[in-house]
Amino acid sequence: MKKYIYNETVRNQLDVILKRSEADHQDVRATVLDIIDNVKANGDQALIDYEAKFDRCQLDSLKVTPEEIDRAFEETDPELIATIRRSAENIRRFHEHQKETTWTINPKPGITLGQHITPISRVGVYVPGGKAAYPSTVLMDTIPAIVAGVHTIAMVTPPDASGQINSNILCAAKIAGVTEIYKVGGAQAIAALAYGTETIAPVNKIVGPGNIFVATAKKEVFGKVAIDMIAGPSEVCVIADSTANPVYIAADLLSQAEHDEMAMPVLVTPDEALADKIIAEIDRQIEADLRRKAIAKASVTDHGFAFICKDLDEAFELTNQIAPEHLELAVENAENYLDRVQNAGAIFLGMYSPEPLGDYYAGPNHTLPTSGTAKFSSPLGVYDFIKRSSIIQYDRANLKAAAHDITAFAYAEGLDAHAKSIERRFPDEN
């Protein structure tokens, strides 16, 4: 883990230090565009061919059957199923509070204005495979859509070499309320959701994280469909004061480091002695008991940072500049510092609110803005699955009263037909 004393030089070079500048992936984009074109032209057959090529499996059909879902429940540990159910209930309960309803106001008699709330009709959810299977992602990305009232959800996820979907993922999907599941991953899955095939009907919005090919495909289909965000490597930032337990903080930083070699664990503290203890503890814990030791070590070595600040004021200034995906406040009376946080995807207050609590169980969404995008975006939520339509109703008297102002605007902008749309309603009064 690299250690920096936070000063003016570091402040000005922060993006370079964090290596967050967007790389040029033109080769990836060219491959993705070819995949999208092939799926548009050849539909299901293109998907089956790509699964044979990339996931080394031979598929007879793309859609997961009810029998496969039933078999998944038979194969999955009943205790894990019960855990998934409890987590799903927490997630559902939290997201119920995000629901919006249609509203209207009457500024004066004869005028009604408002906002009409409707759910998106059909949503696609991408669930990664690859290095690990994430039933938690299934819950986090589908339950808010269901709470929002989305009519149908199409879930896509890559199969294994035998053509099967991970049983934990299928159980989570069923518990969440998703039954339309397809065995396809990568850029080809995104293309299928956006443009449709013989088996997979097109969707209106695509959500869910994935590798660089998935992220690039989401960029390319944006405009044809909506997307949630472009997810980068996972990040956690911990602000720690002298009261923090170095064993806990090291464990929390490693909880993100084990995701991916590109994951970014960041420590920010005014206590350099504490930072040294945490760094030593990270090294000890990596060697002691981590199955994903090589991944965690690469993350900590290449993308792990400890910043030493002069005080907590400077610590919060730095952290708001980083705008981390996850932010832990491992400081005394953490709740008193909440108003100091301007940019973060999720905020964890105190020593007993570690980041994995949010990943799996508490209820708030774990699909969060990464790579500094917390400066302008939010966690996935019910609001991502609804549309807002304006409501405008004037009676004759109120339109007549506003006619002069409307036509003045229209003529000033050179839009005569706009003006005449008003004037023709009052032909004897112009």
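## A guided tour of the model

The structure holds 16 salt bridges. A salt bridge here is a side-chain nitrogen of Lys or Arg within 4 Å of a carboxyl oxygen of Asp or Glu. This is a predicted model: local features need pLDDT of at least 70, side-chain atom pairs count only at pLDDT 80 or more, and totals for chains, interfaces and linings use all residues. Residues are numbered from 1 along each chain as its sequence is written, and side-chain values use heavy atoms, with hydrogens and water left out.

**Stop 1: salt bridges**

Select Arg-11 and Glu-8. Their side chains meet in a salt bridge, 2.5 Å from N to O. Both sit in helix α1 (residues 8–12), 3 residues apart, so about one helical turn separates them. Helices (H or I, at least four residues) and strands (E, at least two) are DSSP runs, numbered from the N terminus. Glu-8 is partly exposed, at 47% relative accessibility. On this scale, buried means under 20% relative accessible area, exposed over 50%, and partly exposed in between (1.4 Å probe, protein chains only).

Next, select Lys-218 and Asp-228. Their closest N and O atoms are 2.7 Å apart, in another salt bridge. This pair links distant parts of the chain: Lys-218 is in helix α9 (residues 212–221), Asp-228 in the loop between β8 and β9, 10 residues apart. Are these two buried or exposed? Lys-218 is buried, with a relative accessible area of 2%. Asp-228 also counts as buried, at 16%.

Now go to Lys-297 and Glu-287, a salt bridge of 2.6 Å, N to O. Lys-297 belongs to helix α12 and Glu-287 to helix α11, 10 residues apart. Lys-297 is partly exposed at 37% relative accessibility. Glu-287 is partly exposed too, at 41%. Then pick Lys-3, Glu-272 and Asp-276: salt bridges that share partners join them into one network.

**Stop 2: helices α12 and α10**

Select α12, residues 293–303. Its buried residues are Ile-295, Ala-296, Ala-298, Ser-299, Val-300 and His-303. They pack against β1 (2–5), α10 (246–257), β10 (264–269), α11 (272–289) and β11 (305–308). Contact means heavy atoms within 4.5 Å.

Move to α10. Among its buried residues are Ile-249, Asp-252 and Leu-253. Their cover includes β9 (235–240), α12, β12 (326–330) and α14 (355–360). What caps the N-terminal end of α10? Asn-245 does: a side-chain oxygen lies 2.8 Å from the backbone nitrogen of Val-247.

**Stop 3: an open sheet**

Find the open sheet of 5 strands, in the order β6-β5-β4-β7-β8, with parallel pairing. β6 (180–183) and β8 (226–227) stand at the edges with a single partner strand each, so one side of each has no neighbour in the sheet. Two strands pair if DSSP finds at least two bridges between them. β7 (residues 205–207) and β8 pair over 2 bridges, in the parallel sense. Zoom in on Ile-206, which stands opposite Ile-227 in β8.

**Stop 4: Thr-112**

Finish at Thr-112, in strand β3 (residues 111–119). Thr-112 counts as buried, at 18% relative accessibility. Its side chain makes a polar contact of 2.9 Å with that of Asn-106. A polar contact is a pair of N or O atoms within 3.5 Å; within protein, one must be able to donate a hydrogen and the other to accept it, and residues adjacent in sequence count only if both atoms are side-chain atoms. Beyond its neighbours within four places in sequence, Thr-112 touches residues including Thr-104, Ile-391 and Gln-393.
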